[in-house]
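Hi there,

Here is the structure I promised to pass on to you. Have a look at it first, and then read my notes below.

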Amino acid sequence: MTTLTPAKPIVRAQALIAAMLHRTDELLDRAAEVIVRDVLKLEVVETPVAPAPAARASTEPTAHAGKSEYDDLITDYALQIGYHRDSNWAVPQMWCEMAAGGIGAGTFLVSALTGSVPGMVIGFALTAVVKGILLLFDLGRPERVWRVFSKPGESWIARGSWAFAAFCGAGGLATLGALTGMAGPLMTLLLTVATLASVVLLVYDGFFLNASAGVAGWRSSVLPFLFASNATATGAALTAALMANPPAGLMWTAAGLFAASAGLGYGYLSDLRHGLKSARVTEHELTKGAQAIDFQVGAGIVGAVVPAVAAALAASGAMPIAIVKAAALGAAGVYFSRKAVLKAGVHAPVL
Amino acid sequence: MKQVDQATYDRTTSVVKVLLMAAISFVITAGAAVTSRRLTKRRIQS
């Protein structure tokens, strides 16, 4: 006779967080559908279904009139005989954790350098608390967590874990010190360690994805700099938005970084276009496929181009409040860039 | 009702979702910015 053992609290918490994030995504989908149906009054017109081709080689691209050779190339087969999307990292926990960590590390870095206490508090909370909770509840075997710290010379996961631990320790103490008005060599040391750790955290997500040998679309050397630039730009804009009288130089820096992240997004696509076939499938996903709106509109126009213009308007004094808009849109851009890149990750066929 | 094909409908829904997320992000950021600026001004005054 078999007896069912109750699930451990951490396993139940993991399931709860995963369900909550999935439900939030579904809720947004439903809200968007309601707006499209009831506000924009759009309705799908039924079109006759074209007969399916009799047979098609699963790994060979097909070129029809008006269709890209990469259309319909991705299969959902469990046997992995075609190009298939990643299912390990392309989950809401991952892109929410990456987005919270990126915005938090960027905000902490810029706030620590400019002496903005509210920015340090928000940056630390987003990284250590939000990212920390999502990371903790994403662990497969929590009792073996100490092993991720081994081999920092070989693994980006180990380097990221050390940087995260250093950030939580030194960043937490530095934030407390800033709130209580602490100064002196100890505070300087804590700030130095925390800012260095936040720099590692800013590039870590990109380098971590670079190390995924099976997904050519994540192996671009542009990716760490794309992720770091849009997160730092958002951090600079958010730090300025939290200040009563933000310096123009900080807002110009945010504008420049947003413009750079738009350019790096274009560079990433260009890099994919010249890569392996699965990298070109990822490029197709990001430009014409399922992730095109999230990457081009969400991360590109809404998350980089418009915030660059808004930050420049704020910096020039024409519209000072636009820096709040730049920070908000930048944060949405950080979210959509992680989500689109993760969801567009494609594995090549095993056979 | 305006009739559109499935691809246009899906694309419009995705764009609306991006704008919804941007709006949510704006509300949160604006709330944080207003609170932070008020607290700073209060600290300077006291």
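**Salt bridges and a nonpolar patch**

B:Lys17 counts as buried, because its relative accessibility is 10% and the cut-off for buried is under 20%. Please keep in mind that this is a predicted model.

What does B:Lys17 pair with? Its side chain meets that of A:Asp29 in a salt bridge, at 3.0 Å from N to O. This pair crosses between chains: B:Lys17 sits in helix α1 (residues 6-45) of chain B, and A:Asp29 in helix α1 (residues 9-39) of chain A. A:Asp29 is partly exposed, at 34% relative accessibility. Both residues belong to a network of salt bridges that also links A:Asp25, A:Asp294 and A:Lys339.

Over all chains, the structure holds ten salt bridges. Another one of them joins the side chains of A:Arg273 and A:Glu283, again with 3.0 Å from N to O. A:Arg273 lies in helix α7 (residues 248-273) of chain A and A:Glu283 in helix α8 (residues 277-287) of chain A, so this pair ties together parts that are ten residues apart in sequence. A:Glu283 is buried, with a relative accessible area of 10%, while A:Arg273 is partly exposed at 35%.

A:Arg37 also forms a salt bridge, with A:Asp38, and here the closest N and O atoms are 3.7 Å apart.

A nonpolar patch of about 570 Å² is made by A:Ile301, A:Val305, A:Val306, A:Val309, A:Leu313, A:Met319 and A:Ile321. Of these, A:Leu313 is in helix α9 (residues 292-316) of chain A and counts as partly exposed, at 34% relative accessibility.

Enjoy exploring!

Note on methods
Residues are numbered from 1 along each chain as its sequence is written. Chains are lettered from A and ligands numbered from 1 in the order in which they are written. This is a predicted model: local features need pLDDT of at least 70, side-chain atom pairs count only at pLDDT 80 or more; totals for chains, interfaces and linings use all residues. Side-chain values use heavy atoms; hydrogens and water are left out. Patches are made of residues with over 30% relative accessible area and no salt bridge: like charges are joined within 9 Å, nonpolar side chains (Val, Leu, Ile, Met, Phe, Trp, Tyr) within 5 Å. Accessible areas come from the Shrake-Rupley method with a 1.4 Å probe; for residues, only the protein chains shown count as cover. A salt bridge is a side-chain nitrogen of Lys or Arg within 4 Å of a carboxyl oxygen of Asp or Glu. Helices (H or I, at least four residues) and strands (E, at least two) are DSSP runs, numbered from the N terminus. Buried means under 20% relative accessible area, exposed over 50%, partly exposed in between (1.4 Å probe, protein chains only).
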